[in-house]
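Student: I would like a close look at one part of this structure, with its surroundings. Please give it to me as one connected account.

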Amino acid sequence: MEKVIEIQQLNKSYGMNEVLKNIGFSVHHGEVVTIIGSSGSGKSTLLRCINLLEIPSGGEIHYRGRNILDGSHHIPSYRKKLGMVFQQFNLFENHNVLNNCMVGQIKVLKRSKAEAEQTARKYLKVVGMEAYINAKPKQLSGGQKQRVAIARALSMEPDVLLFDEPTSALDPEMVGEVLKVMKELAHSGLTMLIVTHEMDFAREVSDRVVFMDKGVIAEEGTPEQMFSRPKQERTREFLKRTFVEHDRA
């Protein structure tokens, strides 16, 4: 399988605070990779560095074999290849659902209004939100907003879809509807990189699981390896703690 993204020796510091330390891993075409770890372990910062919402302090990000940090790349062209779904939805409150999924296509991809609408409707149907095309975000539940945000990212038809804890801002009863959509996407052959605290979901959909701890990748492997036979003590501790908290909830 072709490597779509390969991270090499990536670092990110804010002043003296080293948030990412010598990160290295890759995402292959059609692969679903989940990143797990405690709050503050650097997961979201890593995702934001990959799509250059944050500029790394050092290291390399290779996109289809070329280092996009070497100064010769047109960064907006690279960003177009990456879809991003945020914790807080980031929808345009003054636009309806359909326009939310069209505006990026028209402005960034230079698609015609007719083509953008056709594409938006296609992906709103995929996430089960085609009946809400005229609704404004304030009229939607959190789960519905996040499904629109996923449709918006899909409408850009990116090479890789990045998810930054897409269920963390949702009420518990809305989490399932978003995870259902993500599971369907994961099984459709999309290339996905997902930061999540939903362990059952990670175990079910991942080709590979990456565990981050204190700014480093402590361990990575298949879901079977990571959840049934983790090698590192800190991985075992994290999973034990997480599943105990889950059972309490």
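Tutor: Take helix H5, residues 142-155, which lies across strands E6 and E7 and runs at about 175° to E6. Helices (H or I, at least four residues) and strands (E, at least two) are DSSP runs, numbered from the N terminus. Axes are lines fitted to C-alpha atoms, for helices over the stretch in contact, and angles run from 0 to 180 degrees between N-to-C directions. The model is predicted: local features need pLDDT of at least 70, side-chain atom pairs count only at pLDDT 80 or more, and totals for chains, interfaces and linings use all residues. Residues are numbered from 1 along each chain as its sequence is written, and side-chain values use heavy atoms, with hydrogens and water left out.

Next comes helix H6, residues 172-186. H6 packs on the sheet and touches strand E3 (32-36), E7 and strand E8 (192-195). Contact here means heavy atoms within 4.5 Å. The direction of H6 makes about 150° with that of E8.

How do the two helices meet? Two packed helices are described by the angle between their axes and the distance between the axes. For H5 and H6 the angle is about 20° and the axes are 8 Å apart. That makes H5 roughly parallel to H6. The classes are these: angles under 35 degrees count as roughly parallel, over 145 as roughly antiparallel, 65 to 115 as roughly perpendicular, and the rest as oblique. The crossing of H5 and H6 is right-handed. A crossing is right-handed if the near helix is turned clockwise from the far one by less than a right angle, and left-handed if anticlockwise.

On the H5 side, the contact uses Gly142, Gly143, Gln144, Gln146, Arg147, Ile150 and Leu154. H6 supplies Met174, Glu177, Val178, Val181, Met182 and Leu185. By class, this contact has seven nonpolar, four polar and two charged residues. Ala, Val, Leu, Ile, Met, Phe, Trp, Tyr, Cys and Pro count as nonpolar; Asp, Glu, Lys and Arg as charged; the others, Gly among them, as polar.

H5 has another helical partner, H4, residues 113-126. The axes of H4 and H5 come within 9 Å and cross at roughly 135°. H4 and H5 are therefore oblique to each other. Their crossing is right-handed. Thr119, Ala120, Tyr123 and Leu124 of H4 meet Val148, Ala151, Leu154 and Ser155 of H5. Six of the residues in this contact are nonpolar, two are polar and none is charged.

Six strands form an open sheet in the order E6-E7-E8-E3-E9-E10, with mixed pairing. Two strands pair if DSSP finds at least two bridges between them. Strand E6 (82-85) and strand E10 (216-221) stand at the edges with a single partner strand each, so one side of each is left without a neighbour in the sheet. Neighbouring strands are turned by 20° against each other on average, direction ignored.

E6 pairs with E7 (residues 160-164) in the parallel sense, over four bridges. Gly83 stands opposite Leu161 in E7. Val85 stands opposite Phe163. Both faces of E6 are covered. Leu82 and Met84 lie on one side, Gly83 and Val85 on the other, and all are buried. Buried means under 20% relative accessible area, exposed over 50%, and partly exposed in between (1.4 Å probe, protein chains only).

Gly42 sits in the loop between E3 and helix H1 (43-50). At 6% relative accessibility, Gly42 counts as buried. Gly42 touches Val19, Leu20 and Met212, leaving aside residues up to four places away in sequence. Gly42 and Glu18 are 24 residues apart in sequence, and 9.6 Å apart in space, C-alpha to C-alpha.
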